[in-house]
Amino acid sequence: LLDSKFLVLNNSDRHELASRLSYFLWSSMPDEELLRLAANNQLSNPNVPKQQVARMVGDPRIDRFVNDFVGQWLNVDMVGEMQADARLYPEYDEYLERSMRGETQLFFRELLVNNLTIENFIDSDFSMLNERLASHYRIPNVAGGHFRRVLLPPESHRGGLLTHASVLNVTSNGTTTSPVIRGVWMLENFLGAPTLPPPPISTDFEPDIRGAGTIKKQMEMHRQLAQCNVCHRKIDPYGLALENFDVIGGWRESYRKLKPNGRKGSISYIDGPPVESFADAPNFGQFEGFESFRELLLKNKHLVVRCVTEKMMTYALGRGLDFTDDETIDSIVDELQQNGLGLQSLVEEIVLSDAFHRNGISNDRSENAP
């Protein structure tokens, strides 16, 4: 990270730094204040970029960063791409779909603007809800279509990004949930441990899952094949932790299945097999359901903090990271851990980093998803 001394930048570098900061947080050209600071070489003073981050985060234009980054990091732009089966999930509609995205975007914004701890991504005692989403989550006393900060009842099973309907929807296929898809998503987007692509396996080696009454049992039978077990023992437990959440993010104790010969216009589903969401996660340990798994996540929060840091640094630089960036990431994470893990503090540390000051970036972020 930069020390407290001024760096003397030439005129071109000064304006490039102003542009870099503006495109990072506003996705647009620098305003007059940033241009003035650049012209006077004041952006090289570490105190000035910190002040500018606070100013820019408080500006309505910060919504561009919030929506773009959240969409790219968490894939919430994909909510609704796989439409929920109307027979199994008749409560799903376009209003709920929009509300799903809104919760996650506004939750991130709340943490950023108020510099709340990154731990809230793992577990939080609040979320940003409107009446439609609160009803979906079975949280009472929320009226009206506007979003507001709502304290979550302990019995709601909510708290943290992994309980957001948006995340749970984009990791489903509209009809069923897959621990494999959700496990891969969590490893890549939440724990910073990307998985390798599956090896080519002949159909002669497909597991026999006849008689498997639950998803968990199917996964266990799948892992009996050595070719499958290598990867799936690392992936499946993280997805099984989310099995109590259905394809539209509702809490469930059992799977829905279509009712035989259901009449048109009537409820077309019945309760199927019970959900089993317990497992033994590599390097984490055993858990009994989602709440138990979330406690393990909190004990390993350093993984989430580093993952968020890497995702945001990738977005800020407009390029992928490699081993040469490890020292910078380590420094930023250390600084955050010493100062409360605030999300706005993370933005500040990235802006102050040597990588941000010296590396050229592209202003077009469409091809640079975290």
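Colleague: Is Ala-355 buried or exposed?

Modeller: Buried means under 20% relative accessible area, exposed over 50%, and partly exposed in between, with a 1.4 Å probe and protein chains only. Ala-355 has a relative accessible area of 8%, so it is buried. Ala-355 is found in helix H15, where helices (H or I, at least four residues) and strands (E, at least two) are DSSP runs numbered from the N terminus. Thr-324 lies 31 residues from Ala-355 in sequence, and their C-alpha atoms are 10.0 Å apart in space.

Modeller: This is a predicted model, in which local features need pLDDT of at least 70 and side-chain atom pairs count only at pLDDT 80 or more, while totals for chains, interfaces and linings use all residues. Residues are numbered from 1 along each chain as its sequence is written, and side-chain values use heavy atoms, with hydrogens and water left out.

Colleague: What should the 13 residues of helix H4 span?

Modeller: The expected span of a helix is 1.5 Å times one less than its number of residues. For H4 (residues 62-74) that gives 18 Å, and because its end C-alpha atoms are 18 Å apart, the two values agree. Among the buried residues of H4 are Ile-62, Phe-65, Val-66, Phe-69 and Val-70. Just after H4, Asn-75 takes a positive phi of about 65°.

Colleague: Which residues line the largest cavity?

Modeller: On a 1 Å grid over the protein atoms alone, a cavity is a set of points where a 1.4 Å probe fits but cannot get out, and a pocket is an open set with protein on both sides within 12 Å along at least five of seven lines; lining residues have an atom within 4 Å of a point. The lining of the largest cavity consists of Leu-17, Leu-21, Leu-43, Pro-49, Val-351, Phe-356 and His-357. Helix H1 (11-25) and helix H15 (354-358) are the elements that give two or more residues to this lining.

Colleague: What is the volume of the largest pocket?

Modeller: A volume is the space filled by probe spheres set on the grid points, which are joined across faces, edges and corners. The largest pocket has a volume of about 350 Å³. Of the 20 residues that line this pocket, His-136, Arg-138, Gly-250, Trp-251 and Arg-252 are the closest to its centre.

Colleague: What pLDDT does the protein chain average?

Modeller: pLDDT is the predictor's confidence in each residue, from 0 to 100. The chain averages 87, and 82% of the residues score at least 70. Over residues 1-10 the pLDDT is below 50. Where pLDDT is low, the predicted coordinates should not be read in detail.

Key:
Contact means heavy atoms within 4.5 Å.
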